[in-house]
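Please have the sequence and the coordinates open while reading.

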Amino acid sequence: MSANSLPTAPPAAGITIRGLEVVYTTGQGQIPAVNGINLDIVGGQITGIIGESGSGKSTLAMAMMNAVPHPGKIVKGSVIIDGVGNMMTLDKESQRRARGRHVGFVFQAAQNSLNPLTRIGHQVLDLGRSHNVKDLRALLRRAKELLERMGMDADRVLTSYQHELSGGMRQRVGIMFALVLDAQIVILDEPTTALDMLSQASVLEIVRSIQEERGLTIILITHDMGVVADLADRVIVMYGGELAEEGKTEDVLAHPQHPYTRGLIRAIPRISGNLDQAVALAGSPPDLQTFVQNACLFYDRCPERMAQCQNHRPPYEIAGPGRKVACFKVMAK
Amino acid sequence: MIEVRHLEKTFPGTRGLLGHDAIKAVNDVSFHIPDGGAVSFIGESGCGKTTIGRILAGLETYTAGEVVMDGQNLAQLPRRQRAVLLRRVQLIQQDPYQALNPARTIEQALTDPLKVIAKERGADKAWIMHRLHEVLELVGLDPDAVIYKYPHMLSGGQRQRIVIARALTVDPSVLVADEAVSMIDVSLRLGVLKLLRDLRERFKISVLFITHDVASARYVGDDGQMFVIYKGRIVEHGLTDEVILHPQHPYTQALLSAVPVLKGLEEPGPDRYIPLKEFGHGQPPEHACAFAPRCPYAQPLCGQEKPELVGTAHQYACHYPKERHVVAVPLSE
């Protein structure tokens with residue numbers, strides 16, 4: 001058989017986001033939590049989106065599924081998921097089907113997304129029924145395989161209630177739910193924040209190996225630069241509802257360009273090396289004032305700010321192969 | 001100075017359908033904290049480290065052993081005197097969001113304990129205001145900027161600083177910091193860790209640092225003692241940097257492996273090992289190594305005989321101790 005007659009695997013699904021704008025209406029006015037974002041999520045890779053509290057990273061994740069909770073509202077833009085279409089224009093029923101079947105979502109605290117009153121196995125069946133799965137036995141079998149794959153006693157887990165599982169186990173159950181309908185895209189929102197370091201490391205290890213096995217597209221949302229640096233192929237740095245920098249993980253870690261990215265990397269507590277090398281980021285995460293100012297979003301905390309930065313926001317531009325950055329100082333170089 | 005000898009805490013079992021056996025949460029734990037010293041307790045959720053902290057802070061009783069504070073054995077003191085002594089130990093808990101009353105301003109939260117002290121000392125209102133400003137400046141906050149604010153108007157890092165400032169109002173000699181930074185954005189953690197270190201050096205306040213993150217323990221005291229706890233027992237202890245650089249126990253090595261590796265800056269240590277198996281529940285058998293079921297290097301002996309702590313300054317409880325290189329190695333440019 002010649003090489004070109006081999007069936008080529010279909011390219012893994014990616015996401016194309018254009019001009020996305022999400023606004024929260026509050027007593028103090030309209031807050032643009034996601035402000036005109038253009039972003040291409042490459043299929044078959046792990047993309048890490050990093051930002052501090054209030055950077056809009058979770059809102060962006062919810063917007064990718066057109067599921068921003070009230071009082072947030074998507075006012076502009078499109079999210080095109082390969083194989084599904086534009087989430088903004090699809091009818092409600094198709095959107096619902098896409099969530100779960102095409103895009104799996106793992107929430108920050110899995111205990112909040114599991115039903116406390118029914119056993120895990122029943123919830124797998126409920127999920128299957130709501131997506132019109134014909135062969136429920138096969139579905140349960142897949143759930144079992146996935147759980148065992150993650151180092152758990154599947155029979156015990158499926159007959160347990162969520163309170164009988166530890167935090168790390170619940171998070172793995174969350175991952176199982178995201179994958180059991182064969183979703184090709186999985187969004188993980190702060191999957192390890194409530195876990196201790198060992199559980200975190202094992203959950204990351206599981207995500208890594210399942211991604212490799214199935215060529216999934218994974219979007220990992222976190223405030224922990226260490227987690228992104230360990231797991232992601234690409235890093236996207238978010239600040240105040242806009243993108244600050246993106247690139248291949250190795251490139252961004254070794255040669256960060258945006259002062260904010262540099263600050264985030266320097267602020268990681270390190271296990272070896274000089275203690276004074278690591279410094280916390282100065283200032284506070286963006287507040288309501290920051291979102292509406294004319295200046296660069298990072299202006300107040302930036303150690304390298306220039307006069308220009310006070311009156312304009314820097315555009316998000318290409319800064320090398322696969323790299324983009326929003327900073328006047330970098331552009332001037 | 002605090003001296004703890006053979007501390008033991010057993011939570012009684014319960015009967016009935018959902019009953020469980022008695023659990024020894026702390027088992028034969030001895031350590032001492034010198035004035036201005038740092039001691040860190042490292043381990044997973046459920047290993048008993050929090051119970052040790054709560055016992056020192058007087059929030060939990062103990063079932064055996066001795067706690068001696070400044071030469072006085074706590075258990076032998078009359079209640080009043082014990083309360084006075086224990087006031088000098090202040091607990092800083094994980095969640096600064098829950099530790100502060102959302103309906104009270106920072107000024108109100110801090111003046112309450114100050115009023116009590118002012119009454120005892122016969123000091124006036126001016127002293128209270130003076131001291132209030134003083135403690136806020138100590139924790140690195142601008143008093144005029146935060147004093148009239150409510151907790152929700154502050155960032156996680158600022159809130160934890162307020163909690164520390166409140167603990168400082170009573171002139172403590174020991175701070176027990178239980179996962180004090182794990183709810184804070186990683187970018188701001190180092191600031192709080194350095195504050196704890198600063199308090200040690202400037203005011204000779206001792207810090208008992210309880211965490212699951214080995215890296216953060218270094219920033220409170222690389223000159224202090226580190227205790228690795230597994231199922232209520234000390235499995236390894238020594239000078240912090242000694243334990244991190246030359247770990248002998250496989251469990252310590254697993255904890256060190258869990259620290260994320262920064263792609264582009266580091267590569268994984270050659271012996272990195274992350275157990276996928278979860279921390280089992282229930283009481284480990286008395287005549288076996290508790291870690292054996294998860295240990296990749298376990299031998300038949302490990303299931304038959306409990307290892308005792310051996311070594312001099314750096315001690316470890318393992319039948320087959322061996323130094324392994326699990327910590328990430330920096331890439332040379």
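Which helix of chain B holds both Asp198(B) and Arg202(B), and how many residues apart are they? The model is a predicted one, and in it both residues lie in helix H8 of chain B, four residues apart, or about one turn of the helix. Their side chains meet in a salt bridge, with N and O 3.5 Å apart. Asp198(B) has a relative accessible area of 32% and is partly exposed.

Salt bridges that share partners also form a network, which joins Glu205(A), Arg208(A), Asp230(A) and Arg272(B). Over all chains, the count of salt bridges comes to 36. Side chains of opposite charge can pair when their charged atoms come close.

Arg96(A) forms a salt bridge with Glu93(A), and the closest N and O atoms are 3.0 Å apart. Both residues belong to helix H2 of chain A, which covers residues 92-101, and they sit three residues apart, about one turn of the helix. Arg96(A) is partly exposed at a relative accessible area of 31%, and Glu93(A) is partly exposed at 35%.

A further pair in chain B links separate parts of the sequence. The side chains of Lys49(B) and Glu179(B) meet in a salt bridge with an N to O distance of 3.7 Å. Lys49(B) lies in helix H1 (residues 49-56) of chain B, while Glu179(B) lies in the loop between strand E7 (174-178) and H8, so the pair ties together parts that are 130 residues apart in sequence. Are these two residues buried or exposed? Lys49(B) is buried, with a relative accessibility of 5%. Glu179(B) is buried as well, at 8%. The limit for this class is under 20% relative accessible area.

Next comes the division of chain B into domains. Domain 1 is made up of two segments, 2-88 and 172-330, and domain 2 takes in 104-171. The centres of domain 1 and domain 2 of chain B, taken over C-alpha atoms, are separated by 31 Å. Contact between the two involves 15 residues of domain 1 of chain B and 14 residues of domain 2 of chain B. Between them, these domains bury about 1,200 Å², 70% of it on carbon and sulfur atoms. On the side of domain 1 of chain B, Arg87(B), Pro172(B) and Leu195(B) lose the most area to domain 2 of chain B, and together they account for 45% of what that side buries.

How many salt bridges are counted between domain 1 of chain B and domain 2 of chain B? The count is one. Arg87(B) also forms a salt bridge with Glu120(B), where the closest N and O atoms are 2.7 Å apart. Two residue pairs are in polar contact across the interface of domain 1 and domain 2 of chain B. Helix H8 (residues 186-203) of chain B gives the most to the side of domain 1 that touches domain 2, with eight residues. By residue class, that side of domain 1 of chain B divides into eleven nonpolar, two polar and two charged residues.

The last part is the interface of the two chains. Here 45 residues of chain B are in contact with 50 residues of chain A. Chain B and chain A bury about 4,100 Å² between them, 60% of it on carbon and sulfur atoms. In chain B, Lys263(B), Leu276(B) and Glu278(B) lose the most area to chain A, together 18% of what that side buries.

Between chain B and chain A the count is two salt bridges. Arg270(A) and Glu266(B) meet through their side chains in a salt bridge, 3.0 Å from N to O. The two chains also have 17 residue pairs in polar contact. On the side of chain B that touches chain A, H8, helix H9 (214-220) and helix H11 (250-257) of chain B each supply at least two residues. The largest share of that side, eight residues, comes from H8(B). The residues of the side of chain B that touches chain A divide into 23 nonpolar, eight polar and 14 charged.

Technical notes:
Residues are numbered from 1 along each chain as its sequence is written. Chains are lettered from A and ligands numbered from 1 in the order in which they are written. This is a predicted model: local features need pLDDT of at least 70, side-chain atom pairs count only at pLDDT 80 or more; totals for chains, interfaces and linings use all residues. Side-chain values use heavy atoms; hydrogens and water are left out. Domain bounds come from an automatic or database domain assignment. Contact means heavy atoms within 4.5 Å. Buried area is the accessible area (1.4 Å probe) that two parts lose on being put together, summed over both. A salt bridge is a side-chain nitrogen of Lys or Arg within 4 Å of a carboxyl oxygen of Asp or Glu. A polar contact is a pair of N or O atoms within 3.5 Å; within protein, one must be able to donate a hydrogen and the other to accept it, and residues adjacent in sequence count only if both atoms are side-chain atoms. Ala, Val, Leu, Ile, Met, Phe, Trp, Tyr, Cys and Pro count as nonpolar, Asp, Glu, Lys and Arg as charged, and the others, Gly among them, as polar. Buried means under 20% relative accessible area, exposed over 50%, partly exposed in between (1.4 Å probe, protein chains only).
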